[in-house]
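We will go through them one at a time.

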Amino acid sequence: SILDATPDLVSMTDTRGMLLYCNPAGRRALGIGLDEDISGIASSEFQSPRDFDRMLTEILPAVMRDGYWSGETCMRAR
């Protein structure tokens, strides 16, 4: 419930970059409906090319190595 209440975008993806969770503030920021099924949405749809490359070279390797990654990326709405 804390993640649902925060005004910041919070999301989780699987190792393929597919959205598993996106909180209400994130959905509003990205243009995803609050009731919209996100199971088929790739996070790359909302990333700049620079941050998509960063996802491949920095973020995913950290997740695979450490089990998590925490930081900021630049996102864009639909």
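Helices (H or I, at least four residues) and strands (E, at least two) are DSSP runs, numbered from the N terminus. This is a predicted model, in which local features need pLDDT of at least 70 and side-chain atom pairs count only at pLDDT 80 or more, while totals for chains, interfaces and linings use all residues. Residues are numbered from 1 along each chain as its sequence is written, and side-chain values use heavy atoms, with hydrogens and water left out.

**Serine 48.** Select serine 48 in the loop between helix H2 (24–30) and helix H3 (49–66). Is serine 48 buried or exposed? With a relative accessible area of 18%, serine 48 is buried (under 20%, using a 1.4 Å probe and protein chains only). Now show its contacts (heavy atoms within 4.5 Å): beyond neighbours within four places in sequence, serine 48 meets Cys74 and Arg76.

**The nonpolar core.** Next, select Leu19, Cys22, Leu30, Ile32, Ile38, Ile41 and Phe46, the seven residues of the largest nonpolar core. Such a core is a set of buried Ala, Val, Leu, Ile, Met, Phe, Trp, Tyr and Cys residues joined through side-chain atoms within 4.5 Å. Centre on isoleucine 38: leaving out residues up to four places away in sequence, isoleucine 38 touches Leu19, Leu20, Tyr21, Cys22, Arg27 and Ile32.

Conventions. Buried < 20%, exposed > 50% of the residue type's maximum accessible area, 1.4 Å probe, protein only.
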